[in-house]
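Good morning, and thank you for joining.

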Amino acid sequence: MATPHIAAGFALLRQFARLDANKILIPIDIENEFKLTGKKIQDSNGLNFSRISIYEAIRHFAAPKVFLVSPANRTTTNNNQTNFTCNATTDSQLAILSNITFFISNNTIPIFNQTKNVSGTFNQTTFNFNLTIEQDYIWRCEARDNRSYQRVSENFTLTYDKTPPAITILSPENRTYKDGLFNISISENASWCAYSLDDAANVSMTRFNDTFFNYTIANISEGIHNVSFSCNDTANNFNSTALREFSINRTKPSISLISPTDGASTKGSVTFRYNVTHARNISSCSLVFGSSIVATNTSVN
């Protein structure tokens, strides 16, 4: 019983498209229109089907098409005065655009809308809205023609962020290193991070992921150094750290053996004596007998 209804609806929508927009719709186009605009019916098994509505299918096909241009979807910005641009067009040979309306909401709560009168079969319109609260926004546009046919665009999201990213220095700590090991984490997604060694120009760091950056320098001269870090988040908010002081030391400790002398022999227990010197504190010394460590002293001054 459904077959003749579908066949008639198919013929009506196909003829309307040819007369209204000089378009020849293929079967998949008509099927998609029926599925999109039909009344949703749930059967006894919980499955959903579309009961076709020829009137709604024709209205939807004939309505102007509207596309969001900028800002791009899922954009983050720190500019409170933001321009929103959308395009509208009509394929109908009988219709011209009448107006375009801009809508913006805080999640599901509408906070502003504005309508501008337009004309012609194509129009690009820009709306301005001042963002005041740091949060996520949802925006869209609706186009209407002179026959009162209308269509709403998809939704785009926009995040307003004025807060600079917080930077945590993971290394270097305030201690001695053999190499420059620079690691930082950021409180939010960052687009760029850099280090400045001894007040020199910023050098971009390597991105490990959106919130972690690192860099290693193996040729820093020995001595005391300072480093600072800077980052931009995805909204282009900038922040930098205070100077962090650290030391580089690649000089090996100097060890001299005192006793027993080379080649000595003994019957009893042996006391091994040595001297060790270095410009910085020694952390530990170990006695190696054969190829094994047999004792370690961690209290060397």
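**Salt bridges in the predicted model**

Lysine 35 and glutamate 31 are both part of helix α2 (residues 27-37), where they sit four residues apart, about one turn of the helix; helices (H or I, at least four residues) and strands (E, at least two) are DSSP runs, numbered from the N terminus. The two form a salt bridge, with 2.9 Å between the closest N and O atoms. By salt bridge I mean a side-chain nitrogen of Lys or Arg within 4 Å of a carboxyl oxygen of Asp or Glu.

Please note that this is a predicted model: local features need pLDDT of at least 70, side-chain atom pairs count only at pLDDT 80 or more, and totals for chains, interfaces and linings use all residues. Residues are numbered from 1 along each chain as its sequence is written, and side-chain values use heavy atoms, with hydrogens and water left out.

How many salt bridges does the structure hold? There are nine.

A second case is aspartate 91 with lysine 65, whose closest N and O atoms are 3.0 Å apart. This pair links distant parts of the chain, 26 residues apart: aspartate 91 is in the loop between β5 (81-89) and β6 (97-106), and lysine 65 is in strand β3 (residues 65-70). Lysine 65 has 22% relative accessibility and therefore counts as partly exposed (buried is under 20% relative accessible area, exposed over 50%, partly exposed in between; 1.4 Å probe, protein chains only). Aspartate 91, at 32%, is also partly exposed.

Finally, Asp20, Asp145 and Arg147 are linked in a salt-bridge network.
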